[in-house]
Amino acid sequence: MKDKLLQELEKHFGNDTRRIAHAKKVLFYAERLLEKLPGDPRIVVPSAILHDVGIKIGEEKYGSNAGIYQEREGPPVARRILEALGMGPREIDEICDIIGHHHSPGKNESLNFRILYDADGIVNLAETAEKNSLADLLRIIEKHFLTEEGKMIAADLYAGKAAEGG
């Protein structure tokens with residue numbers, strides 16, 4: 001299923017290699033988190049691969065890749081892909097729910113959501129890690145990450161870069 005989803009992702013984004021690479025990095029960290037946490041790979045892996053599929057439509061419809069448009073436009077695209085691949089309705093509903101608010105967590109999110117959220121956060125933090133002091137970076141990680149394992153991976157990856165840049 002993972003390979004088929006990656007093929008669909010590549011078909012969806014075409015030659016937008018930056019977005020494809022981002023999804024693959026998020027998948028990498030989601031799978032690392034799944035090694036330490038008892039999330040459901042049948043939910044987390046598709047969520048990681050498809051979490052940003054709404055960007056393309058957001059840019060076409062609204063001229064923006066803002067999170068609100070990703071969350072609005074992503075679930076219908078993901079649903080079509082998942083249904084075409086024969087995934088069950090319960091799994092599709094959970095994956096689409098995760099995609100539909102992957103930038104705006106609530107207070108009581110599922111472990112599957114928290115794994116995807118932290119994997120995306122780890123990848124996104126690379127863009128700003130060098131701009132922050134080590135203390136600021138550690139505060140960001142503590143405040144925004146939802147799992148202890150995600151916090152540890154982010155701190156291990158970026159603390160050295162923050163210290164060099166900050």
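**Exercise 1. Which residues line the second largest pocket, and which elements supply them?**

Solution. The structure is a predicted model, and every step below should be read with that in mind. Begin with the residues themselves: the lining of the second largest pocket is made by His102, His103, Tyr117, Asp118, Asp120, Gly121, Asn124, Leu125, Thr128, Ile140, His144 and Phe145. Next, assign them to elements: α7 and α8 (134-144) are the elements that give two or more residues to this lining, and α7 provides the largest share, with six residues. Then sort the lining by class, which gives four nonpolar, six polar and two charged residues. Finally, the space in this second largest pocket comes to about 270 Å³.

**Exercise 2. Describe the largest pocket by its volume, its lining and the elements around it.**

Solution. The volume comes to about 480 Å³. The lining consists of 21 residues, and those that lie nearest the centre of the pocket are Arg18, His22, Val123, Asn124 and Glu127. Two or more lining residues come from each of α2 (17-36), α5 (67-84), α7 (111-125) and α9 (148-165), with α2 giving the largest share, six residues. By class, the lining divides into eight nonpolar, six polar and seven charged residues.

**Exercise 3. Locate the largest nonpolar core and trace the contacts of Leu50.**

Solution. The largest nonpolar core holds 45 residues, of which Leu9, Ile49, Leu50 and Leu82 touch the most other members. At least two residues of this core are supplied by each of α1 (2-13), α2, α3 (41-50), α5, α6 (89-99), α7, α8 and α9. Now take Leu50 and set aside its neighbours within four places in sequence; the residues in contact with Leu50 are then Leu5, Ala78, Ile81, Leu82 and Ile99.

**Exercise 4. How many aromatic pairs are counted, and are the rings of Tyr62, Tyr69, Phe113 and Tyr117 buried or partly exposed?**

Solution. The count comes to three aromatic pairs. One of them joins Tyr62 and Tyr69, whose rings are stacked at 4.2 Å centre to centre with 15 degrees between the planes. Tyr62 has a relative accessible area of 31%, so Tyr62 is partly exposed, and Tyr69, with 22%, is partly exposed as well. Another stacked pair is formed by Phe113 and Tyr117, with 5.8 Å centre to centre and 20 degrees between the planes. These two residues lie in helix α7, four residues apart, which is about one turn of the helix. Phe113 is buried, with a relative accessible area of 1%; Tyr117 counts as buried because its relative accessibility is 17%, and buried means under 20%.

**Exercise 5. Where is Ala135 found, and what separation lies between Ala135 and Ile115?**

Solution. Ala135 is found in helix α8, and its relative accessible area of 40% makes it partly exposed. Ala135 and Ile115 stand 20 residues apart along the chain, and their C-alpha atoms are separated by 24 Å.

Notes
Residues numbered from 1 in each chain as written. Predicted model: local features only at pLDDT ≥ 70, side-chain atom pairs only at ≥ 80, totals over all residues. Heavy atoms only, no water. 1 Å grid on protein atoms, 1.4 Å probe; cavity = no way out; pocket = protein on both sides within 12 Å on 5 of 7 lines; lining within 4 Å. Points joined across faces, edges and corners; volume = space filled by probe spheres on them. Nonpolar A, V, L, I, M, F, W, Y, C, P; charged D, E, K, R; others polar. Core = buried A, V, L, I, M, F, W, Y, C linked by side-chain atoms within 4.5 Å. Buried < 20%, exposed > 50% of the residue type's maximum accessible area, 1.4 Å probe, protein only. Contact = heavy atoms within 4.5 Å. Phe/Tyr/Trp six-rings, centres within 6.5 Å; stacked < 30°, edge-to-face > 60°.
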